Amino acid sequence: MSGKSYRVFSRSSIDRDKRVRYLLWLRISLAVNAIVVLLWILSRRANPETPPVDLAWQGALKDSAQNISQLNKDLKATAAVLQTVKNRLEAETHTAVSHASDLANAIADSHIETAADDTSPSLAWLAIGIPTVPRHNDTDYLTSTLEYLLSELPLDSTDPLFDKVRVVVMNNSPGQHLVYAKVQNRMTQGPHDPDDVFAQKAALYVEFVDNPGSVEDPTPEDKPEPDDFDNPTNIPGRQVRRQTCDLIELMEMAQPIAHYYLFMEDDFRMCPHTMRLLPYMLAKLNAMPSAQKWLGLRVSYGMNGILLRSEDLKSFATYMRTRIELLPPDLIWLEWFSGHGPRTMANRRRPMAAYRYNLLEHIGAVSSFTVRVERPAFPNCYESMADVWSLARAERFQEKKCPNSDLSPCTMSVDADDWMHVPLAKLEPMHALPPP
């Protein structure tokens, strides 16, 4: 704050200055006339033989006497006005001070009440959304998915990740998902079983929610289903549209609770060290001047392993609502991030980053879909993200262009000497994991 002081002039202060100047002029005039009269009297006493003044001089003296009398009256009137102004200013000042005091007290009371009533938790660093549905013969992938994920999260309160992650598991078949009910029951019993570390971590990090079903499929019920083996325009069927609605539901529920959001599926396991790598990658992206407006980060494939900022997650969910009838969710994602969909052109100017290695491994052999076309193999843990057949070129790691980087596009990179010597950036690929 500057050391200068500024005087504020109000209308009342300007009027008061005018009256003061007028009063000063009156006093000077009175003093001048008094001096003239005094000199005349002294001269008369010193020269008693002086002939009487002429009539003009006598008239001037008479006028001066009248002026002095009028000045006295004006002085009294001015003094009365000034006293009135003074009284009014004092009254207004007292009122203003009283109002300011009342306002300050009200604000203080409001802050105290707000602080007392504010029990809302602060935002988590990361939310991980996992939609889940029952599979044939109640095959259980959800337990393995959560066990691998929770093995990455700490119970040690001094760990930087402690209580900074929220895992939201959404049951998209309320009342019909036996595996979900079994896992949820194990979680809720966790605090009573000191030997079940999995349940203890789940009690800290995992939230189980039933899909409220508020996002509805706008497609008419009598619309015929597309042929899954002959669908060149990728028109989504009822089951795929339901998946899109469920994703929107989960995104909108998780968006307000964390700064970042990671897409996961209920039949993927998190590779070792993933939760240590994610903070490293985000720190690196946010440190790069050309990447500070990055749109997303790919660490796996499908609607899985996509990391977004919370505000971009909201934008994506809003866009997905407009495309439920037109495309499957992974193609809606492609439209949105590439900037080729309606009102998404701004996304073309924002980099889409990819990590060199795959960090989420598919463990589900039993699909949640009735019909599943045969597909090529996907990468396992820490295998390259450069040639994943299902990803668009912009989502793959650019291995040829970035041979010495762990993030692409590497045109975003800061000094390689600063980042490539970070131990986590040089982890050896881990192709083999223990069975789930």
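Is Asp159 buried or exposed? At 17% relative accessibility, Asp159 counts as buried, where buried means under 20% relative accessible area, exposed over 50% and partly exposed in between (1.4 Å probe, protein chains only). The model is a predicted one, so local features need pLDDT of at least 70 and side-chain atom pairs count only at pLDDT 80 or more, while totals for chains, interfaces and linings use all residues. Residues are numbered from 1 along each chain as its sequence is written, and side-chain values use heavy atoms, with hydrogens and water left out.

The side chains of Asp159 and Arg276 meet in a salt bridge of 2.8 Å, N to O, the term standing for a side-chain nitrogen of Lys or Arg within 4 Å of a carboxyl oxygen of Asp or Glu. This pair links distant parts of the chain, with Asp159 in the loop between helix 3 and strand 2 and Arg276 in helix 7 (residues 274–287), 117 residues apart. Helices (H or I, at least four residues) and strands (E, at least two) are DSSP runs, numbered from the N terminus.

The structure holds 16 salt bridges. One of them joins Asp266 to Arg135, with the closest N and O atoms 2.9 Å apart. Asp266 is buried at a relative accessible area of 5%, and Arg135 is buried at 10%. Together with Asp267, Arg135 and Asp266 are linked in a network of salt bridges. Another salt bridge connects Glu147 and Arg186, the closest N and O atoms being 3.3 Å apart. This pair also links distant parts of the chain, from Glu147 in helix 3 to Arg186 in helix 4 (residues 178–188), 39 residues apart. Both ends are partly exposed, Glu147 with a relative accessible area of 32% and Arg186 with 31%.

Turning to the strands, 8 of them form an open sheet of mixed pairing, in the order 3-2-1-4-7-6-8-10. Strand 3 and strand 10 (407–408) stand at the edges with a single partner strand each, so one side of each is left without a neighbour in the sheet. Two strands pair if DSSP finds at least two bridges between them. Strand 1 (residues 124–132) and strand 2 run parallel and are joined by 7 bridges, and Ile130 stands opposite Val169 in strand 2. By contrast, strand 4 (residues 258–263) and strand 7 (residues 306–309) run antiparallel, joined by 3 bridges; the bridge partner of Tyr260 is Arg309 in strand 7.

How many residues of strand 2 (residues 165–171) are buried? The count is 7 of the 7, so strand 2 is largely enclosed by the rest of the structure. Val165, Val167, Val169 and Asn171 point one way from strand 2, whereas Arg166, Val168 and Met170 point the other way, and all are buried.

The surface has its own features. Leu24, Ile28, Val32 and Val36 form a nonpolar patch with about 340 Å² of accessible area together. Patches are made of residues with over 30% relative accessible area and no salt bridge, like charges being joined within 9 Å and nonpolar side chains (Val, Leu, Ile, Met, Phe, Trp, Tyr) within 5 Å. Val32, placed in helix 1 (residues 11–46), is partly exposed, with a relative accessible area of 46%. A negative surface patch is formed by Glu225, Asp227, Asp228 and Asp230. Of these, Asp228 is found in the loop between strand 3 (206–210) and helix 6 (238–254) and is partly exposed, with a relative accessible area of 46%.

A few backbone details are worth a look. Most residues other than glycine have a negative phi, and most peptide bonds are trans. Arg343 has a positive phi of about 60° although it is not a glycine; Arg343 lies in the loop between helix 9 (329–338) and strand 8 (352–355) and counts as exposed at 76% relative accessibility. A cis peptide bond joins Ser408 and Pro409, with omega about 0°.

Technical notes: Areas by Shrake-Rupley, 256 points an atom, 1.4 Å probe, with all protein chains shown as cover. Lys, Arg positive; Asp, Glu negative; His and termini not counted. Charge placed at Lys NZ, Arg CZ, Asp CG, Glu CD.
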